[in-house]
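The report below describes one protein model in terms of its helices, its surface and its charged contacts. Please read it alongside the sequence and the structure.

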Amino acid sequence: MNDFLTGLIVGLAVCLVVSVALLSKGASEKKRAKEEVEKYKKMLQDRMELESEGLSKLKEENAELKKQNENLRISLNTMSQKPGRKEMQRLDVYQTAAERLSMNSPGFAPVWQAALKESEEEFKKTFLGLTPYLRRHISTKTSDAVLIDESNNNTTI
């Protein structure tokens, strides 16, 4: 019986050691699993914050781009309304009309060419030469005084 008790005690001791080892291993696995779940929760929370920040930045950028688009649309409308644009369109219409008249009316072309030549010469006299040069490079008050003085000198000579 002594051997039986010794065997029983040794068997119970081994069983106790194995049970404690298994319990500690299970507790450590449970702790590791809990830590991993916490790690994943933190990663998910960080990712959600980043995505939220990115989404808010995209919304702000989208609003800014819409604002710039509207400003550009208004600027385009303003530019097309500027005086030079309408005059250029009107000149294009006149050019087309003159071309059609030249082709369709037999007597119009020579008269038109003569009038065009006269207008070009008048333009050159008005915008090219000494008087416009002086007006560009001398202040307007001074150039007006010089021109008036020149015209007075010319009349007295």
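A residue is called buried when its relative accessible area is under 20%, exposed when it is over 50%, and partly exposed in between, computed with a 1.4 Å probe and protein chains only. This is a predicted model, in which local features need pLDDT of at least 70 and side-chain atom pairs count only at pLDDT 80 or more, while totals for chains, interfaces and linings use all residues. Residues are numbered from 1 along each chain as its sequence is written, and side-chain values use heavy atoms, with hydrogens and water left out.

The protein contains five helices and zero strands, where helices (H or I, at least four residues) and strands (E, at least two) are DSSP runs numbered from the N terminus. The mean pLDDT, the predictor's confidence in each residue from 0 to 100, is 80 for the protein, and 78% of the residues score at least 70. Among the elements, helix 1 has the highest mean pLDDT (91), whereas helix 5 (residues 140–156) has the lowest (50).

Of the 157 residues, 3% count as buried.

Three salt bridges are found in the whole structure, each defined as a side-chain nitrogen of Lys or Arg within 4 Å of a carboxyl oxygen of Asp or Glu.

| Salt bridge | N to O distance |
|---|---|
| Lys 42 and Asp 46 | 3.8 Å |
| Glu 51 and Arg 47 | 3.0 Å |
| Glu 70 and Arg 73 | 2.3 Å |

Lys 42 and Asp 46 both lie in helix 1, four residues apart, about one turn of the helix. Glu 70 and Arg 73 are also both in helix 1, three residues apart, which is again about one turn. Arg 73 is partly exposed because its relative accessible area is 42%, whereas Arg 47 is exposed at 54%.

Surface patches are made of residues with over 30% relative accessible area and no salt bridge, joining like charges within 9 Å and nonpolar side chains (Val, Leu, Ile, Met, Phe, Trp, Tyr) within 5 Å. Phe 4, Leu 5, Leu 8, Ile 9 and Leu 12 make a nonpolar patch of about 520 Å²; Phe 4 lies in helix 1 (residues 2–81) and is exposed at 58%. A patch of negative charge gathers Glu 118, Glu 120, Glu 121 and Glu 122, with Asp and Glu counted as negative, Lys and Arg as positive, and His and the chain ends not counted.

Key: Areas by Shrake-Rupley, 256 points an atom, 1.4 Å probe, with all protein chains shown as cover. Charge placed at Lys NZ, Arg CZ, Asp CG, Glu CD.
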